[in-house]
Amino acid sequence: MPTRPVILDSGPVGRLVTPSPTRHLDLKLWYGTLREHDVKIILPAIIDYEVRRNLVLEGLTLSLGVLDRLGESIGVEPMRPDTLKAAAELWARARREGFPGGHPHDIDVDVIVAALAQDTHAIVATDNVAHFARFVDARPWSAITPAALRT
């Protein structure tokens, strides 16, 4: 039975690339379960960038290697122009609707990921459901099971 894809947000990715095999073990086991069930897992290029820039800043070369292997394993989804156009519409809608938050650019990456989720009919695995829920199906990563993804 086909399943919906899962898009990884930066919070889960940041913990997945921790090189310690026992640190964040629950998240790593969850990821492994999705892979065992042949769930399509999407790593958006913008999330790779968001996580990577912090790893580079902190000099976390081991984690950078894990991020590289993650991208090689599942692929890094490029940002297509039509996805970015849809993201601009989502961003403008959120601002017009008074999206709570600080700086107007705070939701930039989130709306890009949301537009990709709309395009791929994916569920966003995130730590910040509130930023996504107004646009797409977003859940805490731990609430996403292979059974919940069946279409």
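A helix axis here is a line fitted to C-alpha atoms over the stretch in contact, and the angle between two axes runs from 0 to 180 degrees between their N-to-C directions. Keep that in mind. One more thing before we start: this is a predicted model.

Let's take a pair of helices. H3 covers residues 45–58, and H6 covers residues 108–120. They pack at an angle of about 150°, and their axes are 9 Å apart. How are H3 and H6 oriented to each other? Angles over 145 degrees count as roughly antiparallel. H3 and H6 are therefore roughly antiparallel. The crossing of H3 past H6 is left-handed. Who makes the contact? From H3, we have Ile-46, Ile-47 and Glu-50. From H6, we have Val-109, Ile-112 and Val-113.

Now stay with H6, and bring in H5. The buried residues of H5 pack against H6. H5 runs over residues 81–96. Check its length. At 1.5 Å a residue, its 16 residues should span 22 Å. The end C-alpha atoms are 23 Å apart, which agrees.

Which residues of H5 are buried? Thr-83, Ala-87, Leu-90 and Ala-94. Look down the axis of H5: these residues fall within an arc of 60°, so they line one face of the helix. Turn to the face away from that buried side. There you find Pro-81, Lys-85, Glu-89 and Arg-96, and they are exposed.

Zoom in on Thr-83. Is Thr-83 buried or exposed? The cut-off for buried is under 20% relative accessible area. Thr-83 has 3% relative accessibility, so it counts as buried. What does Thr-83 touch, leaving out residues up to four places away in sequence? Ile-112, Ala-115, Leu-116 and Asp-119.

Last stop, H2, residues 25–36. Same length check. Its 12 residues, at 1.5 Å each, should span 16 Å, and the end C-alpha atoms are 16 Å apart, which agrees.

The buried residues of H2 are Leu-27, Lys-28, Trp-30, Tyr-31 and Leu-34. They cover an arc of only 155° around the axis, which puts them on the same side of H2. Asp-26, Leu-29 and Glu-36 sit on the other side, exposed.

What do the buried residues of H2 pack against? Strands S1 (6–8), S2 (41–44) and S4 (123–126), plus helices H1 (10–16) and H4 (61–74). After H2 comes Asp-38, with a positive phi near 55°.

Terms used
Residues are numbered from 1 along each chain as its sequence is written. This is a predicted model: local features need pLDDT of at least 70, side-chain atom pairs count only at pLDDT 80 or more; totals for chains, interfaces and linings use all residues. Side-chain values use heavy atoms; hydrogens and water are left out. Helices (H or I, at least four residues) and strands (E, at least two) are DSSP runs, numbered from the N terminus. The expected span of a helix is 1.5 Å times one less than its number of residues. Buried means under 20% relative accessible area, exposed over 50%, partly exposed in between (1.4 Å probe, protein chains only). The arc is that of the directions from the helix axis to the C-beta atoms. Contact means heavy atoms within 4.5 Å. Angles under 35 degrees count as roughly parallel, over 145 as roughly antiparallel, 65 to 115 as roughly perpendicular and the rest as oblique. A crossing is left-handed if the near helix is turned anticlockwise from the far one by less than a right angle, and right-handed if clockwise.
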